[in-house]
Amino acid sequence: MEKLLKDKVAIITGGGGGIGFATAKLFAEEGADIVIAELDMKKAENAKKEIENETGKRVLTLEVDVSKKKQVDDMVKRAVNEFGKIDILVNNVGIYLADSVLTLSEEVWDKVIDTDLKGTFLCSQAAAKEMVKGGYGKIINISSCCAIEPTPGQVAYGAAKAGVVSLTRDFAFELGEKGIYANAILPGMTVTDMTKDFLKTEKAREEWRNKNVLKRLGQPVDQAKVALFLASSLSDHVTGECIITSAGAVMGQ
Ligand SMILES: NC(=O)c1ccc[n+]([C@@H]2O[C@H](COP(=O)([O-])OP(=O)(O)OC[C@H]3O[C@@H](n4cnc5c(N)ncnc54)[C@H](O)[C@@H]3O)[C@@H](O)[C@H]2O)c1
């Protein structure tokens, strides 16, 4: 069978670690050239080395803060200069800074909203402007179950991730006729740097396993496989959708 992403070019934001890295690697294994847009260039360079060595595909690493429009616009320009086009954008960057509704500071609110929501908008807008030129593009936004389930301490994160769901539908709605798809993934607990404090002990890991019906902890590649479906022609009749990937911890919308 032909590789699912043969001759495609994919930008993965935050592709240096966790779900972003697993996605970048799986996409390269399936034939795509990759742009990793990262704040942490050490992680980005390690990711590039591993992906290029193991897949033979090209990886361009770019230092980008997704909440800064100029840096995002430059990211798209440099990706197009290098590879000639952008077929796929995975808006994977997300930060999580927890505090209660009574004490969360304005500074933390702004930081989370700027990174998780505004960053997703800026990258989607800049990439979509390129994608419409070729009449094709797939945008995949990594939201969270926190978009639809209240979780203690996650007021800014939940609001940002719910906003990501909303803007996914707006991009799908406005740009569908131009060949642009937009879908969101809503992961549940997944083992990455972001969640290491929750999963420190075997007891904690057991508790998290027991919160879902499959009794397993999500791994980054579990999320990457769903992103692959949404990035490939397997999902050519799917847009404006949210896929919850929580092993059944959260069901429905
Ligand atoms: N891990 C989970 O359980 C879980 C659950 C639901 C949703 N998510 C979402 O999945 C996505 C990936 O999460 P993860 O767990 O792999 O996180 P992670 O912290 O392991 O990786 C995030 C990456 O983004 C990069 N990054 C952070 N801010 C950036 C910025 N402003 N510009 C560019 N790069 C930046 C980091 O350097 C890091 O490499 C996030 O959007 C997160 O909210 C994760």
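1. Helices (H or I, at least four residues) and strands (E, at least two) are DSSP runs, numbered from the N terminus. On that basis the protein has seven helices and seven strands, and along the sequence they follow the pattern β-α-β-α-β-α-β-α-β-α-β-α-α-β. The radius of gyration, taken over C-alpha atoms, is 17 Å, close to the 18 Å that the globule rule (2.2 Å times the number of residues to the power 0.38) gives for 253 residues, so the protein is as compact as a globular protein of that length. Its C-alpha atoms fill a box of roughly 45 × 35 × 35 Å along the principal axes.

2. This is a predicted model, in which local features need pLDDT of at least 70 and side-chain atom pairs count only at pLDDT 80 or more, while totals for chains, interfaces and linings use all residues. Residues are numbered from 1 along each chain as its sequence is written, and side-chain values use heavy atoms, with hydrogens and water left out.

3. The pLDDT (the predictor's confidence in each residue, from 0 to 100) averages 97 over the protein, and 100% of the residues score at least 70.

4. Polar contacts here are pairs of N or O atoms within 3.5 Å. An oxygen atom of the ligand lies 2.8 Å from a polar backbone atom of asparagine 92. For tyrosine 157, an N or O atom of the side chain is 2.5 Å from a ligand oxygen atom. In lysine 161, a polar side-chain atom is 2.8 Å from an oxygen atom of the ligand. The ligand taken alone exposes 830 Å², of which the protein buries 92% (Shrake-Rupley method, 1.4 Å probe).

5. Valine 238 sits in the loop between helix H7 (220–231) and strand E7 (242–245). Not counting residues up to four places away in sequence, valine 238 touches Tyr181, Asn183, Phe229 and Leu230 (heavy atoms within 4.5 Å).

Methods:
A polar contact is a pair of N or O atoms within 3.5 Å; within protein, one must be able to donate a hydrogen and the other to accept it, and residues adjacent in sequence count only if both atoms are side-chain atoms.
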